[in-house]
Amino acid sequence: MRRALLGLVLIAPACATMGVQVVSMRMAFYSDAISHSAFTGVALGLILGLDPRLTMIVFGVLVGCGVLIFARKSELSSDTVIGVFFAAVVALGVVVVSARRGLGRYFEGVLFGDILTIQAAELWAILALAAAVLIFQWLAFNRMLLLAMNPPLAHARGIRPVPWEMAFGILLALLVMVALRAVGLLLVTALLVVPGAAARNLAKSAAGLFWWASVQALIAAILGLYLSFAWGSATGATVILICVAFFAVSFFFRGLKGAK
Amino acid sequence: MSVPAIILENVSVELGGRPVLENLNAEFEPDCLTAVMGPNGAGKTTLLHAILGLVPHKGHVLFGPERREKRPRLGYVPQRLELDRGSPITVRDFLAAVQTNRPLWSGIARERDRQSLASLERMGVGGILDRPIGKISGGETQRVLLAQALLRRPEILLLDEPAAAVDVSGEALFCDILEEVQNELGITTLLVSHDLSIVSTHARNVICLNRRIICSGPVSSVMTADNLRRVFGPHSDIFNHSHSHTHPPA
C-alpha cells in the first residue's frame, strides 16, 4: 500500500503537468497511440523471452520517436501519421497475441493498471522519471508555451522547435509507459488530460493552470487509492473517476461565476 | 543606400517539391521600413521565414556591414496566435514567457512585469495586462504582438501582415503606432502587406514579390500602375483619392 501510494503521488502530478502541454500542443492522440503500443511491447517481450516491462517502455519510446520523425518529414497531417502508427502497433500486438496461446492472461494489468504490485526498484525508476519531468518543466515550460502559440515567433526568440518537441515527445512516451502501471492503457491519457481540463475552469493564469492541475491530480491519487481499497475497485480507474468528479465540480463553479 | 541591414544572395526556397521563392537578390536599407508586397501565394511569408532561418533555403541570407550569416536579434510579429479562447494564459504570462526562461509557474519577477506594462502602455493598451490573451480583441492582439517583439530590443523587426485580422481603422492605428516606434527607435523593419494604402503611407521602400522579385526600390518610384499590374495581374490599377479620417479613441 505504501509503495503504491508513493508511486501514485509521484506519477499523478507528473502526468498532470505534462498534460498542460499535451493539451496546448494538441498531443492527446499521440499519447493514446503510445499507451496502446504497450500492448505490443509486452507481447514482444513475452515471445522474445525478455522482461516485458522493459520491452514495453523501449517499444513505446521507439514508437514515439517514429511518430515525431515521420510527422516532421511527411506532408501528411500529424493526426494521420499517428493514426497509421496506432493502427500498426495495435494490429501487430493482436497478431502476436493471437498467434501464441496463453499470452492473454498477462494483459489485464496492462489494460487496467496494477499499482498495488509495484516493486521497490520500479519506485526508484518512477522517482527518477518524476525528477526528469520536474527538470523539463523548469527548463521548457515557457519555451513549450511559445512553441504552441506560434512556432516562428518561438524561433525568432531563439527556441529551436525540433530539439524541444523531440525531448517533450520522448519524455511523454516514457511517462505514459510508466503511468499505465498505475491507471492502465485505457485510462492513461485521461490522467494527462482531465486534471488540466479541470484546472482550466479554475485557473486565472499559466501558474494557476500548472498548480491547480498538479494539486488536483495529487489529491485524486491519494483519495482514489484509499477509496479503491474501501470499494474493492481498480485503483487506476478510481483515481480517474475522482479526476472527472473534480472536473465536474470545477465546471459547475465556473458556470456559477459566469452567471454572476 | 547606406550599408544594407539584410542582403539576399540568390535565395531560393522549395517546399514540398514546389518552388516558392526563386533566386532572390535584394538589399534592405537599414533603420527604415521596407514593405514586401505581392499577391496570395507569392512567397512573402516564406521570405520572412527564410530570414528567420525557419525554412531551408539555397543561397545566402546575410546581415549587416560584415555580411555575416549569424542572425542578429530579430523581433517577429505574426498574424495570429494559436490559442483557444478558453485558455487562462494571460497577456502578462505571454510577455513574461517572451522575456525569460524562468518558468511561469514559479512566479513572474516584478522587473519583468514592469517591462511588460511599459511595453503595453507604449502601444496604448496598458490596461489589458491581466486579461486572458484568448479574450482580447484582434486590434489588442496585434498591439500585444508588437509589444512582445519590441521587448527584446530587436535589431531587425519582421511583421507578417500584422493587421490581417483587424478592421480598416484598427489597421491604420496599428501602422501609426508602428511608424512612431520606427521613428523613435530607428529599427530596420520589414512589413509584409498587400494593402497598398498602408505601404504607400508608411513604407520608405518596397519589394514587389511573386516568387521572384518583380520590382524594388523607393515607394515613390516603384508604386506605379504598370508595376502593380506586373505584380497583381492585369486587373489592378491605382485610384488616387484624398480624404480626411480620424481614428477611434484607443
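Trainee: How many helices and strands does the secondary structure of chain B come to?

Mentor: The model is a predicted one, and the elements are read from it. For chain B, the secondary structure comes to eight helices and nine strands.

Trainee: Why is chain B described as being as compact as a globular protein of that length?

Mentor: The globule rule gives 18 Å for 250 residues, and the radius of gyration of chain B is close to that, so the chain is as compact as a globular protein of that length. Its C-alpha atoms fill a box of roughly 55 × 45 × 35 Å along the principal axes. The radius of gyration itself is 19 Å.

Trainee: What percentage of the residues of chain B count as buried?

Mentor: A residue is buried if 20 or more other C-beta atoms lie within 10 Å of its own. Of the 250 residues of chain B, the share that counts as buried is 41%.

Trainee: Which elements of chain B give two or more residues to the side that touches chain A?

Mentor: In chain B, 25 residues are in contact with 26 residues of chain A. By class, this side of chain B has 14 nonpolar, nine polar and two charged residues. The elements that give two or more residues to it are α1 (44-52), β5 (74-77) and α2 (91-99) of chain B.

Trainee: Where in chain A is confidence lowest?

Mentor: Chain A averages a pLDDT of 88, and 97% of its residues score at least 70. Confidence is highest in helix α10 (residues 206-231) of chain A, at a mean of 94. Where pLDDT is low, the predicted coordinates should not be read in detail. The lowest mean, 76, belongs to helix α5 (residues 108-112) of chain A.

Methods: Residues numbered from 1 in each chain as written. Chains lettered and ligands numbered in written order. Predicted model: local features only at pLDDT ≥ 70, side-chain atom pairs only at ≥ 80, totals over all residues. Helix = DSSP H or I, 4+ residues; strand = E, 2+ residues; numbered from the N terminus. Rg over C-alpha atoms; globule rule 2.2 N^0.38 Å. Buried ≥ 20, exposed ≤ 12 C-beta atoms within 10 Å, placed from the backbone. Contact = placed C-beta atoms within 7 Å. Nonpolar A, V, L, I, M, F, W, Y, C, P; charged D, E, K, R; others polar. pLDDT = per-residue confidence, 0-100.
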